[in-house]
Amino acid sequence: MDLDVDYLLANPADPELVAGQRLRIDGRHIARVVPSPAGGEASRRVAMPPFANAHDHGRGFPTLSVGIADGPLEIWMARLGLEPRALSYLSTACAFSRMAEAGIGAVVHCHNTQDGRRLLEEAQGVAQAAHQVGIRVAFALPFAGENPFVYGETQDLARFVENPQAHPQLWGKRHKRTLEEGLRILEELKALETETFTVQFGPVGPQWTNRETLEKIAEISALENRRIHMHFLETQLQRDWADQHFPQGIVTYFDEIGLLSPRLTLAHCVWLRPAELELLTRRGVTIACNLSSNMRLCSGFPPLPQIIHSAIPFGIGLDGMSLEDDDDILRETRLVKGITQALAPGIDGPGDMNLALPACLKALMQDGRYIITGSHDGGRLAPGEVADVVVLDTGRVHAAGPAMPLTLDILMTRLTRQDVDQLIINGQTIVENGRCRTVSRADIEAELRDTALFIDARFDIDSQARTRQMQDGIRRFYRSGAHLA
């Protein structure tokens, strides 16, 4: 297969747009890159490494579409019970195909179980979806079980909820998967691993995972060289909880148990402190930034200027919460760059302004990919590299203005998911003419709508009242400082 493009961005770590290039793909690898003989015939296309979604949940239905309003994370999570019950294969195939059409060639899928007793079956559905769509997927196997409603004991929350007997979830028997059960599922999932589907440890977050589990995961991760992906310090309440329960410092505790290493990715890191960032950088930890999600869930912004200047590797994640629920990671990357600049106002901007653009490009195409694959292979278009390529059509962004060469600034300021023309992963064409060809997204979406069990309490007065009672109780719980007990 030969690809003729007007511009080639071969290495995001040293970004340069080279005009008029041909990529020859032989099997799963790029055989050569040479000047294109096509001339003007290739004039609107730009090729680069595919985009990496460094943190997501693979939802077929965006939460807003099923009546779960944006708001503070701790309140929003209490509403997730309204998500439709659906086959994990359909949900994730829908999400993965939508991502592919946005130029995303790799993703960390942080799985939210709909039935904790069927996690293995759900994981098998995700693996099937990954295989059929064809993008690279790292499945973050969830380890949780602590504090399902608030960062504290359920019986303590009940004291703050009006009419607690009307809320059976506070009193019903809850399936709590043990560490041993999680490790058995991991062993089962290893048989599903391929070049494009891998499994990572996914301790959901320190407030939801006990210390024994964190320490065992750190031990096995080192023995097996298996990656770990975890939510971390997403909100102020999580920061307060961590400070109370880890007086030596939660990052120090992670270091003491051997959790800090290049195998670890921490998602969000909104409330990270300078000394913690310095230690994470020294240990080679990676960060996944999720700006749209942080905005929509009232979490705040991570210290982006400091992250960029620290040179800690970071990726860009959509968290299933992109600004317009369209998985447009190009827009998300602009948001990272723009907020970095906004957090360092003044004549000098965020120090060396030349750092922001290449750092974002590298995060989008290389560091995010490393978070997913654990390998520094790929993320470049050169002979011998794996044949992962995304091609965008720049015709739309140039149509309204004078003819001029494509620049990195124009590329990162104007291109969106609607400009994605082609996506090739492992030598296989996944997207052509902007549409996924490995599966029919329209058919999968239709089947998902037809088979999902919707739980629509928006128009049920009694359900609305119970929802308000629970949310008000959660607010009173945190305002009282009960999470610091």
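Biologist: Which is A311, buried or exposed?

Modeller: This is a predicted model, in which local features need pLDDT of at least 70 and side-chain atom pairs count only at pLDDT 80 or more, while totals for chains, interfaces and linings use all residues. Residues are numbered from 1 along each chain as its sequence is written, and side-chain values use heavy atoms, with hydrogens and water left out. Buried means under 20% relative accessible area, exposed over 50%, and partly exposed in between (1.4 Å probe, protein chains only). A311 has a relative accessible area of 61%, so the residue counts as exposed.

Biologist: What is the phi of A311, and where does this residue lie?

Modeller: Most residues other than glycine have a negative phi. A311, however, has a positive phi, near 65°. Helices (H or I, at least four residues) and strands (E, at least two) are DSSP runs, numbered from the N terminus, and on that basis A311 is in the loop between α11 (304-310) and β12 (314-316).

Biologist: Which is H268, buried or exposed?

Modeller: H268 also carries a positive phi in a residue other than glycine, near 85°, but its place is in strand β10 (residues 264-268). Its relative accessibility is 0%, so H268 counts as buried.

Biologist: How do the rings of F139 and F197 pair, and at what angle between their planes?

Modeller: Rings of Phe, Tyr and Trp (its six-membered ring) pair if their centres lie within 6.5 Å, and planes under 30 degrees apart count as stacked, over 60 as edge-to-face and the rest as tilted. F139 lies in strand β7 (residues 136-143) and F197 in strand β8 (residues 197-203), so the pair ties together parts 58 residues apart in sequence, and both residues are buried. The ring centres are 6.4 Å apart, and the pair is therefore tilted, with its planes at 40°.

Biologist: Which residues do ring pairs link into a cluster?

Modeller: The structure holds eleven aromatic pairs, including an edge-to-face one between F477 and Y478, with 5.2 Å from centre to centre and 90° between the planes. F477 is buried at a relative accessible area of 0%, and Y478 counts as buried at 9%. The cluster linked by ring pairs consists of Y151, F160, W208, F477 and Y478.

Biologist: What share of the residues in the protein chain is buried?

Modeller: The protein chain has 17 helices and 16 strands. Of its 485 residues, the buried share is 56%.
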